Structure formats: structure tokens, C-alpha cells
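Please go through the structure below together with the following paragraphs. They treat sheets, a hairpin, an annotated site and a ligand in turn.

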Amino acid sequence: MSKDSQAPLKHASPDGKPRHTFPGLALRTVPVLVPMPAERPYSYAVPDGMMVVPGSIVRVPLGPREVAGIVTAGETDSVDAKKLRPISEVFDCPPIEPQMLRFVQWAADYTLSPPGMVARMLLRVPTAFDPEPPIPGLRYAGVKPDRLTEARSRIMELAEDGMAWTRSGLAHAAGVSLTVVDGLKAQGVFEEVMIPPRPVVAAPDIDYARADLSPDQQAAADMLVENVGRQGFSVSLLDGVTGSGKTEVYFEAVAKAIEDGRQVLILLPEIALTQQFLDRFHDRFGAKPAEWHSDLAPKMRERVWRQVAEGQVRVVAGARSALFLPFRELGLIVVDEEHDPAYKQEDRVFYNARDMAVVRGHIGGFPVVLASATPSIESQVNAEQGRYQRIRLAARYAEAAMPDLKTIDMRRSPPPPGKFLSPVLTGAIAKTLERKEQALLFLNRRGYAPLTLCRVCGHRFQCPSCSSWLVEHRFRGQLMCHQCGYHEPTPHACPECGTLDHLVACGPGVERIAEETAAAFPDARIIVLSSDLLGGVKRLRLELEAIAKGEADIVIGTQLVAKGHNFPDMTLVGVVDADLGLANGDPRAAERTFQLLNQVTGRAGRTGRKSIGLLQTYQPDHPVMRAIVSGDADAFYAREIEERERAGLPPFGRLAALIVSANTRGEAESHARALRRAAPSSSEIAVLGPAEAPLALIRGRHRFRLLVHGTKRADIQAFIRTLLAAGPKERGSVRVQVDIDPQSFL
Ligand code: ADP
Ligand code: ZN
């Protein structure tokens with residue numbers, strides 16, 4: 001047990017005076033953080049003979065139910081001693097580390113979330129708190145069978161080494177029926193034993209296949225390894241072009257941490273799609289890392305959680321929520337593609353996992369590695385100002401060269417009427433197919449067409465509960481809302497004027513590009529990849545594998561295909577609408593577009609063949625297009641950083657959004673106005689708005705936004721706390737969400 005967890009517990013006693021108690025001694029009441037929106041832990045009585053320490057996971061009554069909670073070392077609300085209910089049970093589970101408890105509290109304070117809601121993210125594995133039961137098995141007891149049939153000798157061959165087998169496992173391996181096993185058991189050939197639960201993954205072997213690093217890669221790896229060896233907090237920005245081998249490099253840091261007996265967390269933006277990553281990890285370490293993401297089967301989730309808590313799992317590769325796994329001895333976090341917007345959670349607790357990873361490293365006193373070919377502006381500035389150590393990989397590994405990038409000016413080379421691909425792009429696709437290489441067409445839009453309207457009356461199909469157009473999904477024969485999932489069969493008649501068969505699809509989605517491509521290249525094998533693919537993650541993984549093996553000629557996809565994959569035969573990347581992300585007026589639009597275009601064009605030419613990237617744009621002179629084409633990322637960043645600095649936007653200033661939603665527009669607006677009036681006066685912080693959110697209606701909820709803009713030094717959290725305390729409380733259908741460091745301005 002670490003020194004911290006033996007510190008006396010300090011919490012409010014029923015009479016309100018602080019009292020010190022010692023774990024395992026006369027501990028009468030303890031604060032317990034329960035998974036609900038409570039501002040503070042609740043007090044519970046500890047029954048005689050029960051031992052709890054800060055971090056213990058306990059079952060406690062809460063209203064009419066029982067829930068799992070965490071004993072904390074913090075303060076409780078003041079309570080009436082008579083009302084205090086006892087803890088029902090302490091789970092047989094390693095206590096949550098003091099570091100992790102501090103992290104939960106910190107995350108709650110920073111995001112202005114009730115700590116109970118942060119704890120809830122940690123506790124969402126109900127049956128993991130009890131140890132996994134051992135599995136009943138059989139072991140050779142040293143007694144020979146009375147008579148050896150062929151089936152029996154096959155069993156004996158397997159069992160004679162004295163290892164334990166499950167009954168069915170043994171029968172299956174020997175290729176005999178269960179009755180043969182049972183017959184031997186009845187003779188006393190086998191004894192019954194309990195087999196401990198199997199680890200979810202084998203232990204990584206750091207010497208399994210050490211990579212042969214280039215001198216640049218080796219220098220970068222050495223720096224990271226040194227940071228891990230020093231064991232203190234540090235942040236390194238591993239900044240290397242796509243294909244430079246960042247993964248190989250940070251694997252060396254992972255190896256060092258494993259060697260030093262620490263656990264490692266690798267965060268990935270799209271873990272469900274990163275079969276290739278898991279395979280590469282396996283190639284390097286002879287075992288896979290444990291996976292953690294929302295597509296994991298519930299039983300598997302629980303086993304991973306438990307084995308992380310017990311320290312059996314040494315390396316986790318996971319989505320952002322893996323930050324809230326109960327590591328015992330975490331010693332390194334790698335955040336791959338650190339700029340990726342998928343790291344931001346915008347649901348209940350709004351947090352950015354990249355920023356939280358840095359905090360976790362700070363609290364735990366260990367290194368954090370942020371890897372990206374296109375770092376976020378925030379990380380760029382941190383590196384420039386010396387808070388992060390910048391480690392650069394300037395070239396692609398081996399003979400792979402960066403793709404040759406060009407814009408296609410859509411004003412000068414427009415597509416044929418009703419089509420979306422310029423002849424320049426279709427010409428390049430044709431050449432690629434002739435060479436038996438692969439082309440990727442990227443369009444970040446699901447479905448067939450983003451808008452459907454009636455040619456007669458002009459009616460536009462809109463979601464009944466959101467302010468967004470319905471997207472036609474021709475393959476499914478449906479109009480769908482991408483905000484709330486509402487869908488209806490695509491009608492033949494206009495609901496407004498009743499005219500039949502005069503509906504037009506406006507603009508392209510991936511399905512429409514697939515249709516156009518199939519017409520132009522009827523013999524090509526075409527795969528369309530988006531999150532609409534039936535069959536979920538498993539199917540996506542298979543399709544990605546098939547593409548990597550060369551089983552498609554043209555791949556048409558949304559950003560799902562942009563991330564992290566290596567497609568050896570891919571030599572052409574065409575971006576159907578490079579301007580798409582620039583339109584929405586978001587302060588991060590240019591940065592995001594630059595990152596996405598860089599990432600998607602980076603799929604081309606990863607194995608040494610000459611490759612090109614073509615961007616269809618109406619604004620070839622836009623700074624983003626120029627930066628991509630010239631490859632001069634530094635100039636682009638310098639300009640963006642300057643602009644942010646001038647406007648006092650993050651990281652030079654602080655931003656938070658308050659999103660007020662309600663069932664009626666009037667309620668939402670008046671509540672937002674009242675909040676605005678409640679803002680304390682401050683020379684450091686200004687409140688802007690309220691303004692109707694760009695997505696003014698989502699799931700029937702009307703939305704208004706206030707923007708809180710402060711200087712870099714401003715305590716924006718304290719300001720918002722004061723504002724919320726002074727303003728009207730949430731009532732009726734009104735809800736207020738706080739989004740610190742907003743990523744999205746919708
Ligand atoms: P990044 O993450 O920087 O885009 P990767 O780590 O995916 O780059 O590497 C790109 C490709 O080059 C991968 O296929 C990888 O296996 C290969 N590669 C990089 N470095 C080495 C190395 N030192 N030895 C062998 N292959 C390497
Ligand atoms: Zn909707």
C-alpha cells in the first residue's frame with residue numbers, strides 16, 4: 001500500500017466538525033462518491049468489523065436502490081447521524097489508487113462536473129468489482145485408465161503432462177466426445193481442480209522483435225526512453241510526417257515503461273478500427289495490448305477493467321474513456337493523433353482526453369507522449385514555449401516519399417453537369433487503375449445527398465426535431481437525420497404540394513460518388529466505407545484488411561479511412577470537396593481542415609511508389625490549400641498561431657461555452673439571458689451572447705449559447721461557478737451544459 005492511502009481520512013462528522021479517523025481502525029463514517037450528479041460524496045456508516053480505505057469500492061444504499069461507490073478521502077456533506085446508512089459491502093477489488101482519486105476530483109473541478117459523474121465513468125463495469133470466478137477443470141491424477149481405447153489414448157496424450165484442462169476443452173482438443181472424458185473421470189484418472197481465469201491478453205515481451213530504427217528514429221526513441229527512465233512528469237510532442245514511423249518510435253518508450261514495471265496506456269482516436277495497430281503491437285511485443293472502447297463486449301470490458309486494476313494487464317490501447325481505467329502503476333501515456341477531435345467527449349462530462357492525459361501524467365509523475373503529423377495549435381504553442389519537448393521526424397521511413405499534392409480548381413475544370421468529379425480527377429483515377437494501383441476518394445459526408453428538395457414547390461426535407469436537413473441514404477431507401485437518427489422511407493411525392501417524382505437530391509455524399517465512379521469505371525472493384533456500413537466494427541475491420549491486401553481498386557470513404565491505416569497499393573488520394581470543413585465559421589475550421597487533408601492525403605504512397613493527392617476546391621488560394629500543396633506546414637501554423645494570439649483565442653486566452661437548452665425556444669432564450677445578467681463583473685473575462693446555436697434545434701431541444709472568453713490567466717471556472725450560483729437554477733425543461741475549451745461551436 002502506498003503512503004498516501006494510509007493518510008488519515010478527514011471528513012465532516014455529523015456535528016459538522018472535522019474528525020480524523022484511520023483506515024481499518026475506528027472508522028465510523030466515510031465519504032463515498034456515488035455515480036450520480038452529486039456535488040460531494042455522501043457519508044456512510046462503516047459497520048463493525050468492516051475494513052475500508054480511501055479508494056475502496058463499496059456497495060451502498062442510495063434511495064431505494066443500491067449502487068457501487070468509491071470511498072474517498074475528501075469532505076462529505078454534513079449529515080444527520082441518525083440518517084446515516086451503513087455500507088452494505090466492500091467489494092473484493094483492489095482499491096482505486098490515490099492518484100486516480102485525485103485525478104477524478106481534478107477532472108470534476110476543471111470541467112465543472114459533479115465528481116460523482118466523473119466517478120461514474122470509472123464505475124461503469126458492474127460485475128468487475130467481484131473477482132472473476134475460477135473455472136472448474138480436470139487434471140491427470142496419476143492413475144492409469146483401466147483399458148486404453150484409441151479415443152482414450154488421445155486424451156491421455158494431452159493430459160499426461162499434468163496441466164489442467166476444462167472438460168470440454170480436453171474433449172475438443174482430443175477430438176472425442178464428452179462421455180469419453182467423463183468415463184475416465186469416473187475411474188479417478190482425473191481430479192477436479194479450479195483453473196484461474198485466463199488473462200485477457202498475454203504479457204508483452206519487450207525483446208520479442210526490436211525494430212531496426214533509422215538514425216533519426218533512434219534519436220527520437222532515445223529521448224522518449226530517457227524520459228521514461230527518469231520517471232518524472234514530462235510531455236513530449238512527437239511531431240513527424242505521416243509514415244515517418246512515430247508508432248515504431250513510441251513503442252520503444254512503451255518497452256522501457258514495461259521493463260520498469262509500469263503499466264502503459266496508448267490512446268487512439270478510432271480504436272475500433274485499428275486492427276492494424278493491434279497487429280503491429282503484436283509484431284513488436286509478441287502479444288496484443290488489451291483493448292478498451294465502446295464496442296467491446298460487456299463481459300470483455302469487465303475482464304479488462306478487473307485485470308487492469310489487478311495489474312495483470314500491462315498495456316491498454318483504448319479510446320478516450322480508457323483514461324478512467326483503474327491503473328495501479330501507470331507509468332506512461334501515449335496519445336496518438338493528439339490533434340484528433342474524437343478525443344473530445346461532448347456528453348455529460350465534457351472533456352478533452354488529450355488534455356486530461358497530460359493532467360493524469362502530472363498527477364502521477366510520469367511522461368506523456370503526444371504524437372501527430374499535424375499537432376493541434378495548443379500543442380504547437382506549448383512546444384514553442386518550451387513547456388513540451390518537441391521531437392521531430394522530418395522524413396518518411398525508408399524510400400517512401402510524400403505524395404505529390406495539387407489542387408484542382410473546380411472553376412476551371414468543372415465536373416460534367418450533375419456530376420461531382422472533375423475530369424482531372426477521373427483522368428488520374430484511370431491512370432491509377434491502369435497501373436493496377438489503388439485510389440481513395442475522400443468525402444466527409446455519409447449517405448447519398450445532404451439535401452432533398454421538391455422541384456415544384458421548393459419544399460426541403462427537414463428533421464422534425466432538429467434544425468438539420470434530412471440526408472438521403474439511397475442504399476437503405478431512407479431519409480435520415482444525422483443529429484438524432486430520425487429516419488423515414490424516401491417518399492415519392494412531395495408532402496407539401498403532393499407532386500409525384502419531382503424530388504431532387506442536392507449535393508454529394510459517399511454513396512453518390514460511388515454511383516458516379518461505378519458508372520465511369522464499370523470494371524473497377526469499389527468499396528464504400530462509412531459508419532453506415534452494415535455489420536459494424538467487425539465488418540469495417542474486414543473491409544480495411546481487404547483494402548490493404550489489394551482487394552479493391554477504388555475506395556470511397558468518410559474520415560473513417562483517413563486515420564492511421566497503411567494501404568500499400570494506394571497511390572492516389574482524391575479529396576472530393578476540400579472546402580467542406582471551411583464553411584462553418586468555426587475558429588478551428590482552418591486547422592481542422594488542414595489536419596484532415598494532411599491525414600487523408602498521407603494515406604498515399606506509404607510504400608515507396610510515386611503517389612499523388614488531388615484536392616478539388618473552389619478556393620485554391622485559401623491558406624489551407626496553399627499550405628497543403630506547398631508542404632509548408634510551418635508557415636501555416638505560424639499564421640494560425642498569430643491569428644489566435646491576436647484574437648486572444650486558446651491557447652492565448654480561455655474559452656468556455658454554456659449551452660442552454662429547453663423544450664421551447666422562449667424558455668431557452670430567457671434562461672440564457674438571465675444567466676448572462678448574472679455574470680459577475682470582471683476585467684479579465686467577458687460573456688458573449690446569448691446567441692441561438694448554429695444547430696438551434698437538436699432532438700426537439702431549442703439551444704442558445706453563451707461564450708465565456710477570458711485572458712490566459714483568468715480563472716474561468718470560478719467565474720462560471722459564480723455565474724451559475726447567482727443565475728436562475730435549472731427548472732422545468734431547462735438544462736445548462738458547461739463546455740470548457742469547446743472544440744465545436746455548433
Ligand atoms: P506514422 O505513425 O508516423 O504515420 P508508422 O509508424 O505507421 O508512421 O510507419 C509507417 C510505415 O513504415 C509502417 O508500415 C511501418 O511499419 C514502417 N516503418 C517505420 N519505421 C520502420 C522501421 N524502423 N523498420 C521497419 N518498418 C518501419
Ligand atoms: Zn433530427
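Five strands form an open sheet in the order S4-S3-S6-S5-S7, with antiparallel pairing. Here helices (H or I, at least four residues) and strands (E, at least two) are DSSP runs, numbered from the N terminus, and two strands pair if DSSP finds at least two bridges between them. The edges are taken by strand S4 (42-45) and strand S7 (89-90); each has a single partner strand, so one side of each is left without a neighbour in the sheet. Inside the order, strand S3 (residues 29-33) and strand S6 (residues 65-71) pair in the antiparallel sense over two bridges. Leu 33 stands opposite Ile 70 in S6.

The model is predicted: local features need pLDDT of at least 70, side-chain atom pairs count only at pLDDT 80 or more, and totals for chains, interfaces and linings use all residues. Residues are numbered from 1 along each chain as its sequence is written, chains are lettered from A and ligands numbered from 1 in the order in which they are written, and side-chain values use heavy atoms, with hydrogens and water left out.

A second open sheet has four strands in the order S31-S32-S30-S33, again with antiparallel pairing. Strand S31 (685-698) and strand S33 (735-740) are at its edges with a single partner strand each, so one side of each lacks a neighbour in the sheet. From one strand to the next the twist averages 20° (axes are lines fitted to C-alpha atoms, for helices over the stretch in contact, and angles run from 0 to 180 degrees between N-to-C directions). S31 pairs with strand S32 (residues 701-711) in the antiparallel sense over eight bridges. Arg 701 in S32 is the bridge partner of Ile 698.

A hairpin is formed by S15 and S16 with one residue between them, and Arg 348 in the turn has a positive phi of about 55°. Strand S15 (residues 344-347) and strand S16 (residues 349-352) pair in the antiparallel sense over four bridges, with Asp 347 opposite Val 349 in S16.

Next comes an annotation. An unreviewed UniProt entry places the feature "binding site" at Cys 463, Cys 466, Cys 481 and Cys 484; UniProt positions are given in the numbering used here, feature names are shortened, and annotations may be inferred rather than shown by experiment. The four positions span 22 residues in sequence, yet no two of their C-alpha atoms are more than 8.7 Å apart, so they gather at one spot. Cys 463 is in the loop between strand S21 (451-454) and strand S22 (471-473).

What surrounds ligand 1? Its shell has 15 residues, the closest being Asp 212, Gln 217, Gly 243, Lys 246 and Arg 280; a residue is near a molecule or strand if one of its heavy atoms lies within 4 Å of it. Helix H7 (residues 246-259) gives the largest share of this shell, three residues. A nitrogen atom of ligand 1 lies 2.9 Å from a backbone N or O atom of Asp 212, and an oxygen atom of ligand 1 lies 2.7 Å from a polar side-chain atom of Arg 280. In the side chain of Tyr 397, an N or O atom is 3.0 Å from a nitrogen atom of ligand 1. The protein covers 78% of the 560 Å² of accessible area that ligand 1 has on its own (Shrake-Rupley method with a 1.4 Å probe; for residues, only the protein chains shown count as cover).

Key: A polar contact is a pair of N or O atoms within 3.5 Å; within protein, one must be able to donate a hydrogen and the other to accept it, and residues adjacent in sequence count only if both atoms are side-chain atoms.
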